[in-house]
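Welcome, and please open the model in your viewer. We will walk through it one selection at a time.

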4 protein chains.
Amino acid sequence: TIEHLFKEIFKAAKELQEDDHRKTLLVSRKKKPNDTVVDIGGIEVGNGNQQFVMGPCSVESHQQVDAVASVIKQKGIQLLRGGAFKPRTSPYDFQGLGMEGLKILRDVGDRHGLKVVSEIVNPRDIEPAHEYLDVIQIGARNMQNFELLKEAGKSNRPILLKRGLAATINEFMNAAEYIISQGNGQIILCERGIRTYETSTRNTLDITAVPVLKKETHLPVMVDVTHSTGRRDLLLPAAKAALAIGADGIMAEVHPDPATALSDSQQQMDIDTFNHFMDELQAFYKMDAKV
Amino acid sequence: TIEHLFKEIFKAAKELQEDDHRKTLLVSRKKKPNDTVVDIGGIEVGNGNQQFVMGPCSVESHQQVDAVASVIKQKGIQLLRGGAFKPRTSPYDFQGLGMEGLKILRDVGDRHGLKVVSEIVNPRDIEPAHEYLDVIQIGARNMQNFELLKEAGKSNRPILLKRGLAATINEFMNAAEYIISQGNGQIILCERGIRTYETSTRNTLDITAVPVLKKETHLPVMVDVTHSTGRRDLLLPAAKAALAIGADGIMAEVHPDPATALSDSQQQMDIDTFNHFMDELQAFYKMDAKV
Amino acid sequence: TIEHLFKEIFKAAKELQEDDHRKTLLVSRKKKPNDTVVDIGGIEVGNGNQQFVMGPCSVESHQQVDAVASVIKQKGIQLLRGGAFKPRTSPYDFQGLGMEGLKILRDVGDRHGLKVVSEIVNPRDIEPAHEYLDVIQIGARNMQNFELLKEAGKSNRPILLKRGLAATINEFMNAAEYIISQGNGQIILCERGIRTYETSTRNTLDITAVPVLKKETHLPVMVDVTHSTGRRDLLLPAAKAALAIGADGIMAEVHPDPATALSDSQQQMDIDTFNHFMDELQAFYKMDAKV
Amino acid sequence: TIEHLFKEIFKAAKELQEDDHRKTLLVSRKKKPNDTVVDIGGIEVGNGNQQFVMGPCSVESHQQVDAVASVIKQKGIQLLRGGAFKPRTSPYDFQGLGMEGLKILRDVGDRHGLKVVSEIVNPRDIEPAHEYLDVIQIGARNMQNFELLKEAGKSNRPILLKRGLAATINEFMNAAEYIISQGNGQIILCERGIRTYETSTRNTLDITAVPVLKKETHLPVMVDVTHSTGRRDLLLPAAKAALAIGADGIMAEVHPDPATALSDSQQQMDIDTFNHFMDELQAFYKMDAKV
């Protein structure tokens, strides 16, 4: 009918507007066709070479972080991670060492020539964290903590933004838009598994989110194999899949003695497992790189 | 085998500990068998009578809130809601009037003798909000914003805590535990739908979460019918189901002119719909109450 | 742009077609505005009075079914259920008594004046089952077993069609369309919980599916409280919610001695629990019915 | 307490039994440590080399299948797929050519020296299909059609079993157990994406299901990149990830003219896309194979 057709034309006009809106998303590849390369004090993420972000789940002591730092350094890794502010399901679980933890990370990082990455969970801590961190991480539970995102957008540090536990790709992109719209375009997206009905893994690694995000946005995309799988035996296969599908980097947890770890003891790699992990991955990666 | 049996005995001992841990959750009914009644300046939630929390999605103007307040007052409702700090998916959507919005709520609430409820999203705003709010709401996206929860735990105002979009019952209880463990036990839990594959509703109302939460905890449980369904035509049936299953209250959005609303225009009730909603519900509720 | 607008006009035309297609769904209320009342040998489902379908998960023996039949009869229930062909996750679990089970059901039903309902899982068994059954059930796992649906569509027995474990409302309606398009319009839809990430219940009861289905289709809608919750303690609250939201009936499992049941021992009611369940529900129901 | 400990010891004993039960699953690697190699008339699946199963979504005509067969043959592919019995959401969508479709497949397969794979949906069609098919496929919607599985278990043809839309790994393994327990151990498992809340892809490819299944069972595991992603632009990246993580083969749909296809027109590859897909994949695969 004519009436319906008119209605549809209006609807089409509205969709055009929405499409325009989407085109104006600053994170969109439609807005900026070429890849964003994130520069972490000279270390580049998103330039075609793949980076590794490794370290313990929680910063527990100077000695513990140092032990990890020296082994990852030996494998040529340049980015050290460690949690100081820990978002834990229960208030009675270890909540992290806080600013003291960031200091440890900084000291160890400087000693080994590693750049350091850690999560900040309170908007008021973003500013003071600049003294210690090279990259500020926004965790999965805070992906839609918009006050934290706005504060991160005012920072001059690169932001590593993790996908929320049940966030859509569209919500993830808009979370990044909160940061970039405040002026900070140095953003690394990180797929870390989504919540589904399946229980054989801690979360379900949404591997095709990597090419989808690289197509929709100009930002680099990493994969956190530890939290997506939650299983030590799946870290290596998941990392291979992530590199093969085009991820710009891999994030994983390493601990000198996982059994005594104050958090996530089931899923961190010990030193031997880590060495094997990197050897296998670098062999795989080199072959792939030649194609 | 003997070896296995020993392993299992250790495992059982570990489970005993976990069970004990759970028993010591302050929100658990095992810890406190009788119902918590939340007292909002004389208005009780959880005493067996069902309460309604109604108002616009966003506070837009004094006039708009006043128009809603006068109609809900006429229906005997005692709790007025309105969003001043709005967590929106896109940074380009209306973000709310902020503190100015809280002032409007307070003024209108005082004028009509209504207690007021509004969401706070930044830990630093909890303290200043005490001047304006009778109940502080923690929204679904912030259910695991643990810094905000800790700050809410230090408040002397009742907290209305919404379930996260993809939070388990266990995570929901632990989020409440973050509040109560800081000293504030005046907590209302609110089921507001969970994220599933189904698209005919905005979220899937997990109706049996109400009896599960009332069994596991001693806290009152409300149901937000607006965000769980996202459909104006389902508000009334969902509210009936919620009352029938034992919810301590219903939350829904009302706007004088939903079509021009600055947020959630598809799901707010207009005045006529609201009046019909309450008439039907009060008839249903009275019958039920006599049983 | 003009080009885009033309594209949109074509798109609109395509959507018009789809809309037309939907209008022509035989199960759609757009096609047939008034409620379908399913007639089970004189027992009506969907006429405004609510029906109960009760009985053991599996037919185990004549004596067992008889014990259940006599107690449900005493409560005024007219429809007896019992599984003879059991779709079990493991091939090593009890698979049901098959045709022998249907005979037991028929005998017991006749003796007590109850109509009988049972699931058929193989297309070739639909025809022979006519000798024993008043209603043929298609289970959740077979909701998209299209060969079975087509065969059910050729039957002159009413069909009780359960929603698939992860079926959308749209898929559910189309499954019913497979039956009605073969000529059999005597269909009862049954919501039985959907699969989500939440583990405190066996499935998540999608309670608003009831009003959605009653709006979209002209078919009666029941709620299976046993499989949606999987918990004996939630059967009564779930049933109240289902009646309050407008379900045309309730389905639940009763067993003389659940602990020794050959299937689903955790979720069936024993006789005492059943009597309490019906007393509470009938009190609730009568009050509600007067409104 | 002592009482609790006794309870736990009984529980442990029960778990021991369950564990034993699991150990006795015939598909379990605990039962048979070495890999099962499925032999399709001389073509091996699961021997370390990766196989490709390609062809149109639906068999539409002899000419159409022939066009696809000749191009896949040129790329060295040995397995041709095509749907003759199509499980479609709507009864008004194209339901496939049935037995006539199987004949076309057989003819074309013989002409080009390709083994043929097609889905059977009714238990009674398994037997007659032996005349035409080298591999019988059980589709996602029928993964828990236990009557069909039992019939497949009596066949002497290899079975390609797809994971259900919302099936757990455990349910998937038990579905395979239905087949093997009837005597047919020639089973290929196929991950094809699971249903989640995310809408940017048709389903969510559960990539880590591949190593999980290969660890838990001794069966070969393929990945269907067409149905998991539902997007032509993601087929190649998804296939690379699948090969990298250890899949024994890739399944994808190819059509001479996807725009006019009678089903799944949005996701099938045309000939040029297919040639590019295979060239890229074979380059990637060769590099990988050398490691």
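Start by selecting Glu171(A) and Arg195(B): the two form a salt bridge, with their closest N and O atoms 2.6 Å apart. Here a salt bridge is a side-chain nitrogen of Lys or Arg within 4 Å of a carboxyl oxygen of Asp or Glu. Between chain A and chain B the count is two salt bridges.

A word on what is on screen: this is a predicted model, in which local features need pLDDT of at least 70, side-chain atom pairs count only at pLDDT 80 or more, and totals for chains, interfaces and linings use all residues. Residues are numbered from 1 along each chain as its sequence is written, chains are lettered from A and ligands numbered from 1 in the order in which they are written, and side-chain values use heavy atoms, leaving out hydrogens and water.

**Stop one: chain A against chain B**

Show both chains and colour the residues in contact (heavy atoms within 4.5 Å): 30 residues of chain A meet 30 residues of chain B. Together the two chains bury about 2600 Å², 50% of it on carbon and sulfur atoms. Buried area is the accessible area (1.4 Å probe) that two parts lose on being put together, summed over both. Now pick out Thr89(A), Tyr92(A) and Arg195(A), which supply 21% of the area that chain A buries against chain B, more than any other three residues.

Next, look for polar contacts, meaning pairs of N or O atoms within 3.5 Å; within protein, one must be able to donate a hydrogen and the other to accept it, and residues adjacent in sequence count only if both atoms are side-chain atoms. Across this interface of chain A and chain B there are 18 residue pairs of that kind, both at pLDDT 80 or more. Which elements of chain A give two or more residues to the side that touches chain B? They are α4 (123–129), α5 (146–153) and α6 (169–180), and α6(A) gives the most, with four residues. Helices (H or I, at least four residues) and strands (E, at least two) are DSSP runs, numbered from the N terminus.

**Stop two: chain D against chain A**

Now hide chain B and bring up chain D. A rotation of 180° with 0.0 Å of shift along its axis superposes chain D on chain A, with an RMSD of 0.0 Å; that is the relation of a two-fold axis. The superposition is by least squares on the C-alpha atoms of residues with pLDDT of at least 70 in both copies. Select Ala241(D), whose C-alpha, at 2.1 Å, comes closest to the rotation axis among the residues of chain D.

Here 37 residues of chain D are in contact with 37 residues of chain A. The area buried between these chains is about 2800 Å², and carbon and sulfur atoms give 70% of that. Because 100% of the interface residues of chain D are also interface residues in chain A, the copies meet through the same surface.

Chain D and chain A have four salt bridges between them. To view one, select Lys215(A) and Asp233(D), whose side chains meet at 2.5 Å, N to O. The largest share of the side of chain D that touches chain A comes from α9(D), with six residues.

**Last stop: Arg81(D)**

Finally, zoom in on Arg81(D), in strand β4 (residues 79–81) of chain D. Is Arg81(D) buried or exposed? Arg81(D) is buried, at a relative accessible area of 6%, where buried means under 20%, exposed over 50% and partly exposed in between (1.4 Å probe, protein chains only). The side chain of Arg81(D) reaches the backbone oxygen of Cys57(D) at 3.0 Å.
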